[in-house]
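Q: I have a structure to read and I am new to this. Can we go through it feature by feature?

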Amino acid sequence: VTLFSAAVGTKPLKFLCVTTQSTMPKDLAEFGGVLKVTVIKIQGFDESSGFMDKTDPFVELEMGEEKFKTATKNNAGGNAEYNEEFAFNKQEGEQTLKVRVYDSDTLSNDLLGQRDVDLDDESTGNGSFDVVKDGKVTGQVFIEFAYN
């Protein structure tokens with residue numbers, strides 16, 4: 001909490017600024033409660049999934065028994081904005097968030113890449129995560145975390 005003072009003409013004004021800490025706990029794996037995960041965007045994936053067929057990507061998140069997916073971005077290609085938030089009821093000890101990116105197709109969805117995010121790693125935080133398929137990086141998923 002910070003108190004600022006200023007004046008407009010001869011009238012004094014006081015401002016109170018409250019800041020909140022947005023960093024993750026040091027041991028997120030041991031955190032139990034609501035963990036909010038926001039999928040911001042994906043980038044760098046293949047633009048097309050076949051002849052005259054642009055990629056229709058969506059992101060799937062899984063932790064424990066809970067699974068969520070973003071909306072499918074039809075004909076978005078390899079870059080798409082989501083800004084979709086999901087709330088997991090995270091249990092203490094759950095330490096892996098599974099992230100998968102798919103291309104939505106009529107008959108079946110094609111995996112574009114995946115990543116297990118280690119919530120026990122102190123360096124895990126908001127940012128981009130490389131996803132991999134067949135040992136190769138296929139693109140990035142941008143994620144933000146919040147907890148309470």
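A: Start with one pair of side chains. Glutamate 62 and arginine 100 are joined through their side chains by a polar contact of 3.0 Å. A polar contact is a pair of N or O atoms within 3.5 Å; within protein, one must be able to donate a hydrogen and the other to accept it, and residues adjacent in sequence count only if both atoms are side-chain atoms. A word on the source: this is a predicted model, where local features need pLDDT of at least 70, side-chain atom pairs count only at pLDDT 80 or more, and totals for chains, interfaces and linings use all residues. Residues are numbered from 1 along each chain as its sequence is written, and side-chain values use heavy atoms, with hydrogens and water left out.

Q: Where does glutamate 62 lie, and which residues does it touch?

A: Glutamate 62 is in strand β6, residues 57-63. Helices (H or I, at least four residues) and strands (E, at least two) are DSSP runs, numbered from the N terminus. A contact means heavy atoms within 4.5 Å. Leaving out residues up to four places away in sequence, glutamate 62 touches Lys67, Phe88, Thr96, Leu97, Lys98 and Arg100.

Q: How many helices and strands does the protein have?

A: Count the elements. There are 0 helices and 12 strands.

Q: Which strands pair with β3?

A: Two strands pair if DSSP finds at least two bridges between them. Strand β3 (residues 33-43) runs antiparallel to strand β8 (residues 80-90), with 9 bridges. In that pairing, valine 34 stands opposite asparagine 89. β3 is also antiparallel to strand β12 (residues 136-147), with 8 bridges. There, glutamine 43 stands opposite glutamine 140.

Q: What joins β9 to β10?

A: A hairpin does, through 6 residues. Strand β9 (residues 96-103) and strand β10 (residues 110-118) are antiparallel over 8 bridges. Lysine 98 in this pairing stands opposite aspartate 116 in β10.

Q: How do side chains point along a strand?

A: In a regular strand, they alternate between the two faces of the sheet.

Q: Which residues have the most contacts inside the largest nonpolar core?

A: First the general idea. In soluble globular proteins, nonpolar side chains tend to be buried together. A nonpolar core is a set of buried Ala, Val, Leu, Ile, Met, Phe, Trp, Tyr and Cys residues joined through side-chain atoms within 4.5 Å. Here the largest core has 24 residues, and Leu61, Leu97 and Phe145 have the most contacts inside it. At least two residues of this core come from each of β3, β6, β8, β9, β10, β11 and β12.

Q: What share of the whole protein is buried?

A: Of its 148 residues, 32% count as buried. The protein exposes about 9100 Å², and carbon and sulfur atoms supply 48% of that area. Accessible areas come from the Shrake-Rupley method with a 1.4 Å probe; for residues, only the protein chains shown count as cover.

Q: Which residues have a positive phi without being a glycine?

A: Look in the loops. Asparagine 75 has a positive phi of about 55° and is not a glycine. Asparagine 75 sits between β7 (66-69) and β8. Its relative accessible area is 49%, so asparagine 75 is partly exposed. Aspartate 134 also has a positive phi of about 55°. Aspartate 134 is in the loop between β11 (127-133) and β12. At 71%, aspartate 134 counts as exposed.

Q: What does alanine 71 touch?

A: Alanine 71 is in the loop between β7 and β8. Not counting residues up to four places away in sequence, alanine 71 touches Pro57, Phe58, Tyr82 and Glu84.

Q: Where is pLDDT under 50?

A: pLDDT is the predictor's confidence in each residue, from 0 to 100. The protein averages 82, and 77% of the residues score at least 70. Residues 1-8 stay under 50, and the model has 22 contacts for them beyond four places in sequence. Residues 14-23 are also below 50, with 15 contacts beyond near neighbours in sequence.

Key: Buried means under 20% relative accessible area, exposed over 50%, partly exposed in between (1.4 Å probe, protein chains only).
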